[in-house]
Structures are given as C-alpha cells and as structure tokens.
Amino acid sequence: MDHLPRFTAAAVQAAPVYLDPAATVDKAVALIAEAASHGAGLVVFPEAFVPGYPYWNWTMNPVQGSPWFERLQRSSVDIPGPHVDALREAARRHGIVLVIGVNERAPHSLGVLYNTLLTIGPDGALLGVHRKLVPTWAEKLTWTGGDGSSLVVHPTPVGPLGALACGENTNTLARFTLLAQGELVHASCYIALPVAPADYDMADAIAVRTAAHSFEGKVFSVVACSTISPEIVDTLAGDDEELREAFTRPRSALSGVFGPDGRPVTEPLVDDEGIVYAEIDLARCVRPRQMHDITGHYNRFDVFRLEVDNRPRTPVTFTAPPPTASATPTPTPASEEDV
C-alpha cells in the first residue's frame with residue numbers, strides 16, 4: 001500500500017431512544033452530522049444501538065422476558081429497509097465511513113434476531129453486514145448466531161476496516177481472521193453492562209480487550225460503547241430500587257481510540273454520553289511490525305494453520321431452483337364424469 005491514510009476517527013458513546021428504531025436512527029443521523037462537522041472520516045457507534053440492548057435477559061427469567069423479546073422483534077431492523085436506507089443516506093451526505101450496531105430481523109423466521117454490525121461506505125454503499133457469531137451468556141435468549149461469511153475486512157478510504165461486536169473481541173481466532181486479511185483499522189462495538197457480576201469492571205474489560213487487539217495486531221482500534229439513559233432505567237427497572245441501583249452502576253461503559261502500541265490515542269470517555277475524536281495515521285502501523293507481525297514473519301504457518309468456513313448458512317438448501325409461476329402445471333378441470 002503506497003498511501004497510508006490519515007484521518008479523524010469518532011467513537012460515539014450514546015444511549016438509543018430505547019426500543020424506538022425511527023427515533024434512534026434520527027439520533028444517529030444527528031450524531032453523524034455532528035461528528036462530520038468535526039472532520040471525522042470514520043464514525044463508529046455502539047453494538048445493538050438500533051433500537052437498544054435486551055437487558056431483560058440479565059434481570060428477568062425467560063418467561064418474564066418473553067413479552068420484551070416480542071417488543072424487540074417488532075422494533076428491530078430489516079435489511080434492506082428504511083432505517084438502513086436512512087443511515088446509508090447520512091453516510092453519503094457527510095462522506096463518512098460508518099459502523100453501527102442494529103438488531104436485525106431475519107426474513108425467514110419471526111423467532112430469529114441477529115446482533116448485527118453494518119459497515120457503510122462514504123458513498124452510502126452497504127459494505128458489510130456482520131452478525132455476531134456467538135451471543136454472549138444471557139444474550140442467547142434473544143439472538144441467533146451468525147456465520148463466517150461476514151468475517152470480512154473492507155477496503156475503505158480510511159484503510160482496511162474490520163469490525164467485531166463486544167465479546168467477539170475476546171475471540172482470538174475471529175480477531176486473527178480479520179488481521180490476516182490486512183486489517184489496519186478495527187471497530188469494536190460494545191454495550192454498557194451495569195448488570196454484570198459485581199467484580200466485573202466493564203470499562204476496564206473494554207480497555208484491556210481493545211489494547212490487546214491493537215498491540216497484538218499493530219492496528220488502530222476505535223471502540224464505541226452505549227450508555228444507560230434514565231429512560232432505560234425507568235423502562236426496565238420501574239420501582240425496583242435494587243435494579244435501579246444496578247443500572248446506574250459506574251464504570252459500565254468506555255469509548256475511545258487505541259493505537260498500535262496498545263495505548264489510548266486520547267483520553268477515553270467513561271460512562272457519559274459524548275464523542276471521542278482522535279487523529280489516526282496508519283503509517284504508525286509500519287515500524288512496530290518489524291518487531292512483531294503475527295500475520296507475517298512473526299508466525300510459523302508451517303506449524304499453525306487457521307481454516308475459516310466462510311460459506312453463508314441458510315435454514316434450507318434446494319437441490320434445484322424452485323419452480324417459477326410460469327412453470328407451475330395448470331390443474332386440469334374436473335369433468336362432469338369425475339364429479
């Protein structure tokens with residue numbers, strides 16, 4: 001690569017308008033405009049931003065959470081669909097590369113929702129639809145896992161870009177798959193997790209994961225995490241003071257930009273809504289790789305081999321094309337003798 005881009009990255013830390021996809025997309029479009037006005041060429045949003053994260057999986061039993069699943073299903077996103085079109089138009093209007101998390105409805109089943117990351121180019125083209133490979137822990141009550149077809153690094157004006165959702169950033173093989181395709185910019189999309197176990201510091205966990213990927217791969221990572229709004233607390237906790245206290249737990253979110261040395265490029269943002277901006281110069285990825293290049297000279301591909309099944313998975317496979325309407329035999333009318 002003769003030209004290594006320099007650009008401004010924006011990591012958005014914000015809460016959705018909970019379970020309202022149209023209003024959340026409107027908020028995202030406004031934040032995209034704000035980031036672009038500050039010169040951002042890449043804007044990264046949190047995981048499951050449209051229309052929000054299913055926190056009830058952590059606070060209710062499956063029976064109690066079932067009506068909430070239906071509510072989320074009814075407010076999720078179709079791909080293609082009008083909500084995605086609005087995001088694509090915003091990226092095109094402002095000339096930015098966009099990564100944003102959505103809840104995606106499956107076209108074939110009312111029971112299938114995907115935790116999906118969209119990657120959109122500055123011309124509004126939908127470059128990637130990555131479905132989280134393995135929903136984490138309680139998330140299995142809501143989301144179906146994706147397949148390997150979306151583990152793709154996309155060529156963009158800001159450089160080779162890959163993206164993973166939340167816990168996928170602990171999956172060494174998924175991360176290596178992106179690095180081995182030449183990833184130089186990594187989008188890490190998270191949710192605030194105030195309902196984690198008491199000894200789990202989500203802000204620290206995000207920082208450790210992001211630093212690890214940046215340092216191991218000698219890449220830049222842009223990490224965006226959602227926040228917990230008072231609206232979310234009121235909606236899910238109601239009058240339950242114990243739950244209200246849990247949802248307002250500090251150090252549940254962190255967003256920022258990390259460099260190829262594993263250090264933050266600028267001070268990360270913890271808990272509060274806002275946008276973190278940082279200047280990225282991909283030339284900084286070159287010299288560290290002389291020491292450690294785990295997808296090149298600092299590996300032994302005669303000893304280790306990673307094989308990725310990137311075939312799309314579908315619920316049914318037909319051995320021949322389904323018949324068209326014109327090819328369908330016309331029933332013969334019954335004669336009077338047959339009646």
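**Rings and helices**

Modeller: In this predicted model, ring pairs link Tyr53, Tyr55, Trp143 and Phe247 into a cluster.

Colleague: Why is the pair of Tyr55 and Phe247 called edge-to-face?

Modeller: The ring centres of Tyr55 and Phe247 lie 5.7 Å apart and their planes stand at 90°. Planes over 60 degrees apart count as edge-to-face, so the pair receives that name. It also links distant parts of the chain, with Tyr55 in the loop between β2 and α2 and Phe247 in helix α8, 192 residues apart.

Colleague: How do you know whether Tyr55 is buried or exposed?

Modeller: Tyr55 has 1% relative accessibility. Buried means under 20%, so Tyr55 counts as buried. Phe247, at 2% relative accessibility, therefore counts as buried too.

Colleague: What makes the pair of Phe45 and Phe49 tilted?

Modeller: The structure holds six aromatic pairs. In the pair of Phe45 and Phe49, the centres are 5.4 Å apart and the planes are at 50°.

Colleague: Why is helix α1 called roughly parallel to helix α4?

Modeller: Helices α1 and α4 pack at an angle of about 10°, with their axes 10 Å apart. Angles under 35 degrees count as roughly parallel, and therefore α1 is roughly parallel to α4. Val25 and Ile32 of α1 and Leu87 of α4 are among the residues that make the contact.

Key. Residues are numbered from 1 along each chain as its sequence is written. This is a predicted model: local features need pLDDT of at least 70, side-chain atom pairs count only at pLDDT 80 or more; totals for chains, interfaces and linings use all residues. Side-chain values use heavy atoms; hydrogens and water are left out. Axes are lines fitted to C-alpha atoms, for helices over the stretch in contact, and angles run from 0 to 180 degrees between N-to-C directions. Helices (H or I, at least four residues) and strands (E, at least two) are DSSP runs, numbered from the N terminus. Angles under 35 degrees count as roughly parallel, over 145 as roughly antiparallel, 65 to 115 as roughly perpendicular and the rest as oblique. Contact means heavy atoms within 4.5 Å. Rings of Phe, Tyr and Trp (its six-membered ring) pair if their centres lie within 6.5 Å; planes under 30 degrees apart count as stacked, over 60 as edge-to-face and the rest as tilted. Buried means under 20% relative accessible area, exposed over 50%, partly exposed in between (1.4 Å probe, protein chains only).
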